[in-house]
Amino acid sequence: MKVLVTGANGQLGRELTLWKQGSGLEIVGMSREQLDITSLEQCRAAATATKPDVIIHCAAYTAVDLAESDPDGAYQVNAAGTRNIAIAAREAGAKLIYVSTDYVFDGKGSTPYQEYDATNPLTVYGKSKLAGEQLVQSLHDRWFIVRTSWVYGQHGANFVKTMLKLGAERDSLSVVNDQYGSPTYTKDLAAFLLELAGTEAYGIYHASNSGICTWYEFAQAIFEEAGLQVQVNPCTTEEFPRPAPRPGYSVMDHGAIRVNGLNDLPEWRDALKAFMNEPK
């Protein structure tokens, strides 16, 4: 199986690009410098040159707050760019996996969101990613949409790395305790995407590490696993106003993974331990 990964320098894209190959698996990663997804011609050329069986589309505009003042930029990448990848994938006869987000929901629920629950994004970022989902569904016939949340890993900036850095510098810090979700370790997500790529179980999937926590509880766990003595103080979202509203509840049910007999992702605390023990 030959896999083309877009956004190869991002957190997830880098994880996939560095994945152990062999056993019939070949992964080709293309960074923003190698492939500008906003160009249909470049997308077609990349698909023609690599002849992939599957394209895993990780490239995205992910600056959630900046998107509020730059909607055209967000839509150019997340909507138009995804359209281009979908067209190129279909013409090349490749399956398409589009990595989406919990931000397609409004975060006002109190039970885990199921794959076919009504979407209602509140941010430009969420709306642009949902537009990408809709374009994938309308332009391709062999697609997987995988929504994930709270992603972290060895490559790129993320919450875990930020906490470890701050924890080494401070004795205490405040972290929001009224936003609920599920952290997702890039290694676990990458393994799931590659498993999914080998199937024809097309559709929408929710994929995050299992279990629920708040950012405050996540931070506490990070410091415990790192052996850092840091006082973590719970605070509210209102105390940290941001340009883009954050979902209060973004826990996602993994019904499609269960129904299709695929391997669910490990529990979030176990994933955090694995991340901490991974050679840096």
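1. A word on the basis. This is a predicted model, where local features need pLDDT of at least 70 and side-chain atom pairs count only at pLDDT 80 or more, while totals for chains, interfaces and linings use all residues. Numbering starts from 1 along each chain as its sequence is written, and side-chain values use heavy atoms, with hydrogens and water left out.

2. The record. UniProt, in an unreviewed entry, lists residues 1-278 as "domain: RmlD-like substrate binding"; its positions are given in the numbering used here, feature names are shortened, and annotations may be inferred rather than shown by experiment. Over residues 1-278 the chain is 40% helix and 18% strand, with the end C-alpha atoms 27 Å apart. Helices (H or I, at least four residues) and strands (E, at least two) are DSSP runs, numbered from the N terminus.

3. Six strands make up an open sheet with parallel pairing, in the order 2-1-3-4-5-10. At the edges sit strand 2 and strand 10 (203-206), each of which pairs on one side only. On average, neighbouring strands here are turned by 20° against each other, direction ignored. Two strands count as paired if DSSP finds at least two bridges between them.

4. Strand 1 and its partners. Strand 1 (residues 2-6) is largely enclosed by the rest of the structure, because four of its five residues are buried (under 20% relative accessible area; exposed is over 50%, partly exposed in between, with a 1.4 Å probe and protein chains only). Five bridges tie strand 1 to strand 2 (residues 26-30) in parallel, and V3 stands opposite I27 in strand 2. With strand 3 (residues 54-57), strand 1 pairs over four bridges, again in the parallel sense; here V5 faces I56.

5. The crossover. Strand 1, helix 1 (residues 11-17) and strand 2 form a right-handed β-α-β unit. Right-handed here means that, with the strands pointing away from the viewer, the path from the first strand over the helix to the second runs clockwise.

6. Strand 4 (residues 95-101) and strand 5 run parallel and are joined by six bridges, with Y98 opposite I145 in strand 5. Helix 4 packs on the sheet and touches strand 1, strand 3 and strand 4, its direction making about 165° with that of strand 4. Helix 5 (residues 124-139) also packs on the sheet, touching strand 4, strand 5 and strand 10, at about 160° to the direction of strand 4. Contact means heavy atoms within 4.5 Å; angles run from 0 to 180 degrees between N-to-C directions, and axes are lines fitted to C-alpha atoms, for helices over the stretch in contact.

7. Helix 2 against helix 4. Helix 2 and helix 4 (residues 71-92) pack at about 35°, with axes 9 Å apart. From helix 2, L40, C43, R44 and A47 meet N84, I85, I87, A88, E91 and A92 of helix 4.

8. Two loop residues worth a look. Most residues other than glycine have a negative phi. K51, in the loop between helix 2 (40-50) and strand 3, has a positive phi near 50°. W150, in the loop between strand 5 (143-148) and strand 6 (151-152), also has phi near 50°. Which of these is buried or exposed? K51 is exposed, at 63% relative accessible area, whereas W150 counts as buried at 11%.
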